[in-house]
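Here is a short report for a reader new to this structure. Please keep the sequence and the 3D view at hand.

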Amino acid sequence: QVQLVESGGGLVQPGGSLRLSCAASGSIFSINAMGWYRQAPGKQRELVAAITSGGSTNYAFSVKGRFTISRDNAKNTVYLQMNSLKPEDTAVYYCNTYGLGPRGNFDSWGQGTQVTVSS
């Protein structure tokens, strides 16, 4: 079983910054990719950014140039640096990871952290 613990959400003014962290723990042989999704009220969950074990990244068009995803493979931790935040970035942000453990492949989600961008 793989657990994900997220931190770093909160309330920030438009134009401000936040940094989200997500640490994976448990029975992990390897992690293929880690990513961040978000879900705003009344909307579907959407991919924000993802990063592979090799460091390749993928971003939603709406966050390109403002958000940066990074990871520490030794710590099984992924980060999301969010700059120039806009009110439309307000959502619950979820961490996701998939990889290989002793029971086979896993696909795990964090509990979510609220990000609110408002003046």
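## A buried cysteine and its partner

C95 is buried, with a relative accessible area of 0%. Buried here means under 20% relative accessible area, exposed means over 50%, and partly exposed lies in between, with a 1.4 Å probe and protein chains only. This is a predicted model, where local features need pLDDT of at least 70, side-chain atom pairs count only at pLDDT 80 or more, and totals for chains, interfaces and linings use all residues. Residues are numbered from 1 along each chain as its sequence is written, and side-chain values use heavy atoms, with hydrogens and water left out.

C95 is joined to C22 by a disulfide, S to S 2.1 Å. A disulfide is a pair of cysteine sulfur atoms within 2.5 Å. C22 sits in strand 3 (residues 18-26) and C95 in strand 9 (residues 91-101), so the bond ties together parts that are 73 residues apart in sequence. The torsion about the S-S bond of C22 and C95 is about -85°, so this disulfide is left-handed. The structure holds 1 disulfide.

S21 is also found in strand 3. S21 touches V5, E6, S7, W36, V78 and Y79, leaving aside residues up to four places away in sequence. Contact means heavy atoms within 4.5 Å.

| Residue | State | Relative accessible area |
|---|---|---|
| S21 | buried | 17% |
| C22 | buried | 0% |
| C95 | buried | 0% |

## The whole protein

How many helices and strands does the secondary structure of the protein come to? There are 0 helices and 11 strands. Helices (H or I, at least four residues) and strands (E, at least two) are DSSP runs, numbered from the N terminus.

With 119 residues, a compact globule would have a radius of gyration near 14 Å; the protein has 14 Å, which agrees. That radius is taken over C-alpha atoms, and the globule rule is 2.2 Å times the number of residues to the power 0.38. Along the principal axes, the C-alpha atoms fill a box of roughly 45 × 25 × 20 Å.

Of the 119 residues, 42% are buried. Among contacts with a separation of 6 or more, 54% are between residues 24 or more positions apart. The accessible surface comes to about 6300 Å², and 47% of that belongs to carbon and sulfur atoms. Accessible areas come from the Shrake-Rupley method with a 1.4 Å probe; for residues, only the protein chains shown count as cover.
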